[in-house]
Amino acid sequence: MPHAVILDAKSLGPQIDLAAIRESVSHLEVFEQSSTQQAAERLADADIAIVNKVVLDAKTLQQLPKLRLICVLATGLNNIDLETAKANNIEVKNVAAYGTASVSQHTLMLMLSLANRLPLYQRDVAAGKWQRSDFFCLQDYPTLQLSGKHLVMVGQGELGSEVARLAEAFGMNVSFTARPGNETNDKRPSLDDLLDDADVISLHCPLSDATKHLINRERLAKAKPSLLLINCARGGMIDEVAALDALRSGKLGGLAVDVLPAEPPRDGHPLLDALAEPLNLIVTPHNAWVTPEARQNIVSLTANNISEWKTSQ
């Protein structure tokens with residue numbers, strides 16, 4: 001039975017049961033948080049490293065001759081030096097589709113909130129405008145009825161497909177775009193083909209050279225001024241500054257993001273500053289995935305990865 005070390009268990013959040021992983025190994029050592037500098041020492045006797053966001057670079061991996069498996073508590077592998085891991089016979093396994101229900105629910109929440117101008121109406125209620133109104137309701141911001149509207153999805157994986165299913169329950173017409181960067185080999189219409197008819201665009205694809213600033217100033221200029229734009233994928237897929245300019249000038253109907261290019265945004269970000277303005281803008285702290293069910297599912301899938309790896313040895 002292998003010896004495993006979790007480097008950043010705190011990233012899984014509170015009240016998560018690690019029993020499934022404990023049962024898969026001889027000994028499980030748990031650290032709440034670790035730096036890259038601490039990783040080499042803490043993994044010195046480990047056969048298995050279990051990590052979420054701690055960077056395991058080449059220098060660190062080269063100091064760990066006993067390490068044979070890295071289990072990433074997420075889908076992205078950008079924090080692991082994969083070439084060095086392969087060169088040192090260290091297998092790397094991630095988890096996927098653990099939070100489909102959680103992220104799709106969050107995406108629909110953002111869509112509904114933007115459509116109903118919730119940020120603006122909540123601001124007005126807090127400021128006492130409803131209380132002082134001559135009429136029984138506030139109608140200052142025209143809302144968007146989703147039924148019959150066109151949702152354009154970038155990404156048709158498990159998550160994108162589930163968001164589409166939920167949107168169709170609201171009566172929306174859903175189109176999936178061709179994979180960005182591979183339009184010539186994809187039978188689906190390109191984003192540019194669908195752009196001018198889109199009422200809502202939702203992003204659910206990886207960040208790459210082809211998707212960085214996929215939604216840019218030029219594309220925003222071609223879209224409907226009522227467009228609602230949602231990003232629950234990765235920061236940087238939207239040119240956030242261009243989108244903010246469009247929102248302020250009335251050329252974008254609403255913007256909601258669960259991700260920013262740098263996380264946590266210790267140096268700030270224009271979208272965070274803009275939350276003080278009367279805009280149809282929502283920024284959530286990369287927490288679309290954090291339902292207890294999704295986080296517990298990560299543990300189960302990681303335990304499965306360990307069991308499959310042991311079987312293959």
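Select Arg-117 and show what lies around it. Leaving aside neighbours within four places in sequence, Arg-117 is in contact (heavy atoms within 4.5 Å) with Tyr-141, Pro-142, Thr-143, Leu-144, Leu-228, Gly-253 and Asn-280. This is a predicted model, where local features need pLDDT of at least 70, side-chain atom pairs count only at pLDDT 80 or more, and totals for chains, interfaces and linings use all residues. Residues are numbered from 1 along each chain as its sequence is written, and side-chain values use heavy atoms, with hydrogens and water left out.

Stay on Arg-117. It sits in the loop between H5 and helix H6 (118–126). Helices (H or I, at least four residues) and strands (E, at least two) are DSSP runs, numbered from the N terminus. Is Arg-117 buried or exposed? Its relative accessibility is 11%, so Arg-117 counts as buried. The cut-offs are under 20% relative accessible area for buried, over 50% for exposed, and in between for partly exposed (1.4 Å probe, protein chains only). Ala-39 and Arg-117 are 78 residues apart along the chain, and their C-alpha atoms are separated by 46 Å.

**Zoom out**

Show the whole protein as a cartoon. It has twelve helices and eleven strands. The C-alpha atoms fill a box of roughly 70 × 50 × 35 Å, taken along the principal axes. Of the 313 residues, 49% count as buried. Take the contacts between residues at least 6 apart in sequence: 63% of them join residues at least 24 apart.

**Helices H5 and H7**

Select residues 100–115 for H5 and 158–169 for H7. Two packed helices are described by the angle between their axes and the distance between the axes. Here the angle is about 50° and the axes are 9 Å apart. Axes are lines fitted to C-alpha atoms, for helices over the stretch in contact, and angles run from 0 to 180 degrees between N-to-C directions. H5 and H7 are therefore oblique to each other. Angles under 35 degrees count as roughly parallel, over 145 as roughly antiparallel, 65 to 115 as roughly perpendicular, and the rest as oblique.

Which residues make the contact? From H5, pick Thr-100, Val-103, Ser-104, Thr-107 and Leu-108. From H7, pick Glu-158, Leu-159, Glu-162, Val-163 and Leu-166. By class, the contact of H5 with H7 has five nonpolar, three polar and two charged residues. Ala, Val, Leu, Ile, Met, Phe, Trp, Tyr, Cys and Pro count as nonpolar, Asp, Glu, Lys and Arg as charged, and the others, Gly among them, as polar.

Step back to Tyr-98, in the loop between strand E5 (91–93) and H5. Tyr-98 is buried, with a relative accessible area of 17%. Not counting residues up to four places away in sequence, Tyr-98 touches Ala-74, Thr-75, Trp-289, Ala-294, Asn-297, Ile-298 and Leu-301.

Next, select Ala-97, which lies in the loop between E5 and H5. Ala-97 counts as partly exposed, at 39% relative accessibility.

**Backbone stops**

Most residues other than glycine have a negative phi, and most peptide bonds are trans. Ala-97 has a positive phi of about 60° although it is not a glycine. Move to His-213, in the loop between strand E8 (200–203) and helix H9 (217–222). Phi of His-213 is also positive, near 55°. His-213 is partly exposed, with a relative accessible area of 30%.

Then select Glu-263 and Pro-264. A cis peptide bond joins them, with omega about -5°. Pro-264 lies in the loop between strand E10 (254–257) and helix H11 (270–274).

**Two threonines**

Go to Thr-177, in the loop between strand E7 (173–176) and helix H8 (191–195). Thr-177 counts as buried, at 3% relative accessibility. Beyond four places in sequence, Thr-177 touches several residues, among them Val-152, Met-153, Arg-188 and Leu-194.

Thr-84 is in helix H4 (residues 82–87). Thr-84 is buried, with a relative accessible area of 10%. Leaving aside neighbours within four places in sequence, Thr-84 is in contact with Ala-58, Leu-61 and Gln-62.

**Last stop: cysteines**

How many disulfides does a search of the whole structure find? It finds zero, a disulfide being a pair of cysteine sulfur atoms within 2.5 Å. Select Cys-71: it counts as buried, at 0% relative accessibility. Cys-137 counts as partly exposed, at 23%.
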